[in-house]
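Dear colleague,

Please find the structure below. My notes on it follow.

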Amino acid sequence: MTFIAKPKVAHPSLPRNALGSTRRDYEGALSTLCAGCGHDSITAAIVEASWALAIEPQNMVKLSGIGCSSKTTAYFVSGGHGFNSVHGRMPSIAMGANAANRALTYIGVSGDGDTLSIGLGQFCHAIRRNLNMLYIIENNGVYGLTKGQFSASADLGTKAKKGETNFQPPIDPVLLAMTLGASFVARSFSGDKEQLVPLIQAGLKHQGFALIDVLSPCVTFNDHEGSTKSYAYTREHYEPAVHADFVPLQPEITVDYRAGETLPVVLHDGSRILLRKLDAAYDPTNRTSAATHIQERMKLGEHLTGLLYIDESQRDFHDINATPDAPLNSLPFETLSPGSKVLEKALAAYR
Amino acid sequence: MSVAATQQYDDNPRRASILTLLMEPTDTSHPDYYHRVVDCQWACPAHTDVPEYIRLIAQGRFTDAYMVNRESNVFPGILGRVCDRPCEPACRRGRIEQKPVAICRLKRVAADHRDDVTKLLPKIPKLKNGKRIACIGAGCASLTVANDLMPLGYEVTIFEQYGEPGGLMRTNIPSFRLPQTVLSEEIGMITGMGVDLRLNSPIKSMRELLDKGGFDAVFVGSGAPKGKELKLPGREAAAANVHIGIDWLESVAFGHVEKIGKRVLIIGVGNTAMDCCRTSLRLGADSVKVMARKPRGFFKASVWELEDAEEESVAIIINRSPKAFVLASGKLTGMLFDQMEYDLDARGQITAERIVGEEFLPADDVILAIGQENAFPWVERNLGISFDKWDVPVIDKITFQSTRPEVFFGGDAAFGPKNIIWAVEHGHQAAISIHRYAQGEAVAERLAPTVNLQSRKMGMHEWSYSNDYTPVERRLMPHVSIKERFKKLNIEVELGFTAEQVEQEVQRCLNCDVQTVFVAKLCIECDACIDICPVDCLTITHNGTENELRPRLKAPAKNLAQPLYVSAGLPQTGRVMVKDEDLCVHCGLCAERCPTAAWDMQKSTLHWPLATAEAASLEARKPKIA
Ligand SMILES: Cc1cc2nc3c(=O)[nH]c(=O)nc-3n(C[C@H](O)[C@H](O)[C@H](O)COP(=O)(O)OP(=O)(O)OC[C@H]3O[C@@H](n4cnc5c(N)ncnc54)[C@H](O)[C@@H]3O)c2cc1C
Ligand SMILES: Cc1ncc(C[n+]2csc(CCOP(=O)(O)OP(=O)(O)O)c2C)c(N)n1
Ligand code: SF4
Ligand code: SF4
Ligand code: SF4
Ligand SMILES: [Mg+2]
C-alpha cells in the first residue's frame, strides 16, 4: 500500500470522453492493498472501461462482499453509489437494487472466496435469474484478506506459501456459470489490460448477467514458486482463445470486419462486440462444445481466456418477470401503491 | 501469457518489419542520460545544480544554496537578477502546467539571504606555482578564469581599459536591474583572491603583450564591444541625436549622459533595446517607442524583459522597417518607416513580405539597438592567431584555444555576443585548458563528466525528498510602484520574493534529479507502476523502433526532445519497460508501488569537471617520490 496519494496532476494531453471527462475523473480512493496486487490492476481496467463508455458516475452502482477484492469498489468511480455487503451476499443486494432501479449500471466485484466459498449459493441464483449486471471475480486462489488460506478456486496440487499442498478439487467459476445457463462468460488476467478492458466494456453493455473471472495474483500470499496462481505461472499457462473488441454504438458503422476473421455480436443498445478467434477450433457461441473445450484444456493445465461464451438472445431478469420499463422511483405513487381496492381484487383472483 | 500471444493482440500491419529493428536497452551509465533528465541543469550552460540549491533554500540553508550556485555560475547574486535563464524554458514544470519554476528568482533568494561567505571561498595558496596568466578585459569571462586559476597557485593579471571591473555587467546592464553593490561584492570575491587587477590599462597591442608581458598564457575576454550601425539617409547629419545603444548605455552608466529628449525611438527589439527604452524613461523621455521590423513572434528580447518594458508603458510597434532619418534645419525631427506586411505559413515562418505604405514618426532622439559584434583592432594579424573570412578569431569549441597555443578566447570575444552564464562557462573551460597547457598536458584530453546515484529510500513509505506534487502556480515577482521607480536611475525595480512566496515556489520544483532507476530482472510485470503513475509515463509493451514505439505508449510520447528509456527484456514475457521522460513528476509512486523494488528513486549528482578537479586528477597521476 501507499501513503502518498496519487497527485491530481495529469498528462496535459489526457484524452476526454463524450462527457468531457478524463480517465482520472473515474478514479477512486487511494488503494490500501499490497503493492503489486493484481486487484489494483483490475481497478485500473475498470476505470479505463468506465471512462471509455462515458458512463455517468452517478449512474453507476458498485457492489461487493468482503475480501481484498471486495474492498476495491472504493478505488474506482468515486462518484458512483457503493454497497459493501456481508461476506458472500453481494448478489442479493445487487438483486434488490437492480429490481428497484433498472436504469443504472451495475458492477459487482468479488473474490474467489467471497463468490465460490461462502457466497456460492447466491452467485448461482444471480446467474439463473440472468440479473443485468457485470460480475467480476478477482481470482487469486486464496483468502487474501485473512492471510492466504486456500480458497475454493485453489488448484489441485498448488502449494501454499508455507508449503502445504491443496488436495481438494477447485470450483471453476467459468464452467459453473456455463452449466447454469449464463449468457456472457469470460476469463482474463489482471496483467493483460488489452484483453481485459474491452471485456469489461462488453460486460457492462451486455443485457443480462456477465461474468468475468479475472486471474489476479496475490503478490503477498500466492506469488511464490509452487503456486498455480502466481504471475509467472499464470503467464505460462494462460491461452487467449477468443479476443473481444468492443465497438461502441456509432451513427455510421465504419469498422470493416475482414470477413472470416471476426464475428460481430450486436448488443441490445446497438453497440458491437467483434470476436476474433485465436484458437480456430473454439466456438464461443456453442455452449456444449465450448465447455468441453475449456475442460480439455484445463486437464492440460491451461486456462483458456477471452470471451468464452456469449448469447445475446437470452431473456434477462426484467424481461422474464415483466417488470415495469422505468425505475420504480420514477413511477407515480398511485401506480406503486394502487390502494386497498386493487389489492383486494388481486387477492380475490387467488381465492 | 506467452510473448507470441501478446503479439497476436497487436494488429499493427507493420509489425513484422518492426520486430527486426528493436530499440536497444538504454545505456543509463552514460553520464548524459540522467543529466539530461534534469532539464534545468542540462540547459544551464554552467550546469548549475538547480534542484539541489532549491532544496537547500527550502531548508532555509541560504548560504549553502549560494555556494552550490557559486561553484558552477560564480555570480549567483548577479545571475539571480539578470541571468538569461535558459533553464526556465527548459524546466519540466513548464511542460506540466505552463509556467516553469522561478529558478532565477530563487537564486536571488539564496544570494539575498546568505551569510558572509568569506570563509567558504576557495583558499588561495601563498606559495605560487610560478606561472603567470594575463586576462584581457575584466568582464565575467576573465573574472571566471581568475576565480578558477587563483586557487591553483597561478598569478593572474587582468588588464581592463576602464576604471572599473565588470564589463558589460557594469557598463550596459542598467542599475535598476542590477544594483552596483551586488555587482561589486561578487567581483570583489574574485579580485580579493589576490588578482593583479590593472584598471585603466587598455591593451593596445597583442604583439607587445605576448613579446614583452612575460606571461605563460593569455586569455582574451574583451567582449563584443562594437554596436551595429544603421546606414540610412540622414544618419550623418542627425548624428547628434542618433545613438548606438551599447555606447549610449555605457555613457549613462559612467554618468556622461544624464538626459534624453522627450520623444525617443528605439530601433530593434532585443534585450539591449529593452534596456535602452527603460533607461530613456528614467532620463526624462515621456514617449518611448520600440520599433520592430517583424511581428511579435520574431522578437529577440526575452519575454520577461518585454513584460517589464510594457509595464512601464513603452509602446512596441511592429512591422516598421526604418527608411530614413528626417531632419529640419539640420536637426533630427523623426524617422520614416516602411510599413511591412508578412505572409506566415502554418509553422509561423515568413513566406513573403511586402511594403504596404510609409509612416513618419516624430522623435527627438533615436537609439540604435540592432546588434553587436566582436572586434579586435588591437590584435595584429600576423601573430599566428588565425581569423576567418568574417574576421572572427578561429577558436576551438571545447578548449577555447586559438591557433596560437598560449592564447585562449572566451565570453563574447570567442563566438560573438551571448550572455553572462555562457561567458562564465567559457571561462571555466578556458581555465581547464590554461591549466593543462601550463602544466605541459594535451589541452583536449580533459576529464569527462560523471554521474553518481544514491537511493533516496529511507524506509517502508519514506523517501528522503519531498515527493508530494504541490499544485501551486508560479509566484509573481513584486515590483516597486511605477511612480516610485522613476525617481532615480538606480532604484532596483524587482523587490525579491517574500518569505511566503519562497516557501511556495520551492515546492514547485519536481526534484528531477531524484531519478527513477529500473532493474529489469526484478520486474514481475504486475502493472502497479503503470497504473499509479499520475502522468502515464510508463508502459510495458513489446519492443519496437523508436518511431513506432512513441505513438503507442500509454500516453503518446510526442516531445521528441525528451528521450525514451527502454529496459532490457523483462523476465516473464520478454516485453520491455518504456519510460517517456518528458512529463515524469518524480513523485516516486512507481518505486513506492513496486512490490519487488524494480523501480527505485535515486538522486543523481553530476560532476562537471572544473579546473580544481582537473588539477586534482593531474596531481593524482603524478609519480610520487618516496
Ligand atoms: C545592453 C545589454 C544588456 C545585457 N543584459 C544581459 C542580461 O540581462 N543578462 C545576461 O546574461 N547578459 C546580458 N547581456 C550580455 C552580457 O552582458 C555579455 O554577454 C557578457 O557581459 C559578456 O561577458 P564578457 O566577459 O565576455 O565580456 P564583457 O562583459 O563585454 O567584458 C569585456 C571587458 O573587456 C574590456 N576590454 C575590451 N577590450 C579591451 C582591451 N583591448 N584592453 C583592456 N580591456 C578591454 C571591456 O572594457 C570590458 O570590461 C547584455 C548585453 C547588453 C549589451
Ligand atoms: C461471515 C464471514 N465469514 C468469514 C469472514 C472472514 N473473511 C474475510 S475475507 C474472507 C475471504 C476473502 O477471500 P476472497 O473473497 O478470495 O478475497 P481476497 O481477499 O482473496 O481478494 C474471509 C473468509 C467474514 N468476514 N465474514
Ligand atoms: S522542476 Fe526543478 S529540477 Fe525539474 S527542471 Fe524545473 S527546476 Fe529543474
Ligand atoms: S516518479 Fe514514477 S510514478 Fe511518478 S511520474 Fe515519474 S514515472 Fe510516474
Ligand atoms: S510495479 Fe515493479 S514489478 Fe510491477 S510492473 Fe512495475 S516495475 Fe514491474
Ligand atoms: Mg481471493
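**Notes on the model**

The C-alpha centres of domain 1 and domain 3 of chain B are 44 Å apart. Chain B is split into domain 1 (121–224 + 378–438), domain 2 (227–372) and domain 3 (452–470 + 508–607), with bounds from an automatic or database domain assignment.

This is a predicted model, in which local features need pLDDT of at least 70 and side-chain atom pairs count only at pLDDT 80 or more, while totals for chains, interfaces and linings use all residues. Residues are numbered from 1 along each chain as its sequence is written, chains are lettered from A and ligands numbered from 1 in the order in which they are written, and side-chain values use heavy atoms, with hydrogens and water left out.

**Ligand 1**

Ligand 1 lies between domain 1 and domain 2 of chain B, because both give residues to the shell around it. There are 35 residues around ligand 1, and V82(B), E160(B), L168(B), R177(B) and D412(B) come nearest (a residue is near a molecule or strand if one of its heavy atoms lies within 4 Å of it). The shell consists of 16 nonpolar, twelve polar and seven charged residues; Ala, Val, Leu, Ile, Met, Phe, Trp, Tyr, Cys and Pro count as nonpolar, Asp, Glu, Lys and Arg as charged, and the others, Gly among them, as polar. At least two shell residues each come from α11 (140–149), α15 (245–253), α16 (271–282) and α19 (420–438) of chain B (helices, H or I, are DSSP runs of at least four residues, and strands, E, of at least two, numbered from the N terminus).

Oxygen atoms of ligand 1 have polar contacts (pairs of N or O atoms within 3.5 Å). A polar side-chain atom of E160(B) is 2.6 Å from a ligand oxygen, and a polar backbone atom of C140(B) is 3.1 Å from one. Of the 990 Å² of accessible area that ligand 1 has on its own, the protein covers 95% (Shrake-Rupley method, 1.4 Å probe).

D112(A) is in helix α4 (residues 112–116) of chain A, and N140(A), 28 residues apart from it, is in the loop between β4 (133–139) and β5 (142–143). D112(A) counts as buried at 2% relative accessibility, as does N140(A) at 4% (buried means under 20% relative accessible area, exposed over 50%, partly exposed in between; 1.4 Å probe, protein chains only).

Regards

Terms used:
A polar contact is a pair of N or O atoms within 3.5 Å; within protein, one must be able to donate a hydrogen and the other to accept it, and residues adjacent in sequence count only if both atoms are side-chain atoms.
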